[in-house]
Amino acid sequence: MRKTLALMLVLMLIFALTACNTGSNTETSMEPSASEEALPTTNNTQNNTEIYIFSVMVEGVEDVTEFNQDHYNDMDIQTVTLTVTKNDVPTDYQCTGVIFQEVLSALGATDYTSVTVVAVDGYEKTYDKAVIEEDTTFFAVKVDGETEDCPQTIAATMGSGYTIKNIQKLIVE
């Protein structure tokens, strides 16, 4: 019984120490591992202005390997209402972010036919150029007032199956 209790205590301690990083503005001298760089993190607030901290890997754009808060915070961040249909039921979402095509522009991607958006859990969807160019295809960091731990894309005209949460990678083709 004591061994089981001790084992459970150790497992709970490990879980508590390795739980999702809520992000802080303090700098450390340790460099993040490659897997830590690939995963977006959460936001912080500073002087009542939200600062979004994340990193999304990028493939297929020359001389660019990631899209992060440095690109994002310099963009035209807007709050819009998008209507997404799931099982023939439309639902409105208030999203804060940028039009997805502007993400590609910020990365310098000009000659592409599609972008595959990959989530942390491996789920992925490919957006063709026509979907990317719609102003209802959005890169969101906040949905319905809740800040996302990782950014997500929403292609409102394509339905809920094209909403990709917890983006890890963009593959530009």
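I'll start with one residue. Q94 is part of strand β6, which covers residues 89–99. Keep in mind that this is a predicted model.

Now its surroundings. Setting aside neighbours within four places in sequence, Q94 is in contact with T79, V80 and T81, and also with K142, V143, D144 and G145. Take T81 from that list. Q94 and T81 are 13 residues apart in sequence, while their C-alpha atoms are 4.4 Å apart in space.

On to the sheet. Five strands make up an open sheet with mixed pairing, and the order across it is β4-β3-β11-β7-β8. Which strands stand at the edges? They are β4, residues 66–68, and β8, residues 124–128. Each has a single partner strand, so one side of each has no neighbour in the sheet. From one strand to the next, the twist averages 20 degrees.

Helix α4, residues 100–107, packs on this sheet. The strands it touches are β3 (55–59), β4, β7, β8 and β11 (167–172). The direction of α4 makes about 120 degrees with that of β4.

How many bridges join β7 to β8? There are five, and the two strands run antiparallel, with β7 spanning residues 114–119. Within this pairing, V118 stands opposite E124 of β8.

Note on methods:
Residues are numbered from 1 along each chain as its sequence is written. This is a predicted model: local features need pLDDT of at least 70, side-chain atom pairs count only at pLDDT 80 or more; totals for chains, interfaces and linings use all residues. Side-chain values use heavy atoms; hydrogens and water are left out. Two strands pair if DSSP finds at least two bridges between them. Helices (H or I, at least four residues) and strands (E, at least two) are DSSP runs, numbered from the N terminus. Axes are lines fitted to C-alpha atoms, for helices over the stretch in contact, and angles run from 0 to 180 degrees between N-to-C directions. Contact means heavy atoms within 4.5 Å.
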